[in-house]
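Please look at the sequence and the structure before we go through them together.

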Amino acid sequence: CIRARLKLFLTIVAMGLADSIMVDENATARMKIDVARRGHRLVRHAVRLRKLGIVTLGDLMWYLPWRYDTYEETSDQPLEVGQKINLQGRVESVSNRYIFPRRMTVTTAIVQTGTGGVRAVLFNQPYLENTLAEGTMVSLAGKVRQDKRGLYMASPVHEKLYTAGGTLVHTQGLVPVYPET
């Protein structure tokens, strides 16, 4: 919780809004500044923020995650069903399938890791066939499941690896999960 608030505070400071949250005798009044006020840097996002119930800077500061997911880096241990993991590997193949009765696209990627290959199944994201091209290094985080064709990860959080040992934001460590809208 403290980490999320600190991250939000640093984001606000980086956006140039630090003068609106300084603690002094007018701190309460400054936290009531409307995010949609004229000349404010959040104006272009005001409609989307209002749908989330965020009207003032105080609301923005207190918009906290619903839960946190913890993804730890896995070693060369075999995968187990139900395990929450983070895998890093190279995409071997990617394919899209359109399922007509449900009107959805299923993207399947085979990712080769140090422990073998694992299927990543992603729904209604056909653009991923181009984004996760063969040979791309990716990091996947999610729960391992099993079906008649073996182990797979359904709708894993994915992140491209641009450099070896780069910083992972969405697929490693403590990741905040905000309520869906």
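T136 sits in the loop that joins α5 (128-131) to β5 (137-147). A polar atom of its side chain lies 2.7 Å from the backbone oxygen of A133. If we set aside neighbours within four places in sequence, T136 is in contact with G89, R90, V91, T131 and K160.

Let me now step back to the whole chain. The protein chain has 181 residues, of which 34% count as buried. It contains 5 helices and 8 strands. Read from the N terminus, the order of these elements is α-α-α-α-β-β-β-β-α-β-β-β-β. Among contacts with a separation of 6 or more, 51% involve residues 24 or more positions apart. The chain exposes about 11900 Å², and carbon and sulfur atoms supply 53% of that area.

How confident is the predictor, in terms of average pLDDT and the share of residues that score at least 70? The average for the protein chain is 78, and 73% of the residues score at least 70. Among the elements, β3 has the highest mean pLDDT, at 92, whereas helix α2 (residues 27-31) has the lowest, at 59. Over residues 18-24, pLDDT stays under 50, and the model has 14 contacts beyond four places in sequence for that stretch. Where pLDDT is low, the predicted coordinates should not be read in detail.

T108 is buried, with a relative accessible area of 18%. Neighbours within four places in sequence aside, T108 is in contact with S93, V94, S95, R119 and A120.

Consider P126 next, which belongs to the loop between β4 (116-123) and α5. Is P126 buried or partly exposed? Its relative accessibility is 41%, so it counts as partly exposed. P126 and T108 are 18 residues apart along the chain, and their C-alpha atoms are separated by 9.9 Å. Again leaving out neighbours within four places in sequence, P126 is in contact with N96, T105 and T107.

Finally, I turn to the aromatic residues. How many aromatic pairs does the structure hold? There is 1 such pair. Y63 and Y178 form it, and the arrangement is stacked, with 5.5 Å from centre to centre and 10 degrees between the planes. Y63 lies in the loop between α4 (57-61) and β1 (67-71), while Y178 lies in the segment after β8 (173-177), so the pair ties together parts that are 115 residues apart in sequence. Y63 counts as partly exposed, at 22% relative accessibility. Y178 is also partly exposed, with a relative accessible area of 35%.

Thank you for your attention.

Key:
Residues are numbered from 1 along each chain as its sequence is written. This is a predicted model: local features need pLDDT of at least 70, side-chain atom pairs count only at pLDDT 80 or more; totals for chains, interfaces and linings use all residues. Side-chain values use heavy atoms; hydrogens and water are left out. Buried means under 20% relative accessible area, exposed over 50%, partly exposed in between (1.4 Å probe, protein chains only). Contact means heavy atoms within 4.5 Å. Rings of Phe, Tyr and Trp (its six-membered ring) pair if their centres lie within 6.5 Å; planes under 30 degrees apart count as stacked, over 60 as edge-to-face and the rest as tilted. Helices (H or I, at least four residues) and strands (E, at least two) are DSSP runs, numbered from the N terminus. A polar contact is a pair of N or O atoms within 3.5 Å; within protein, one must be able to donate a hydrogen and the other to accept it, and residues adjacent in sequence count only if both atoms are side-chain atoms. pLDDT is the predictor's confidence in each residue, from 0 to 100. Accessible areas come from the Shrake-Rupley method with a 1.4 Å probe; for residues, only the protein chains shown count as cover.
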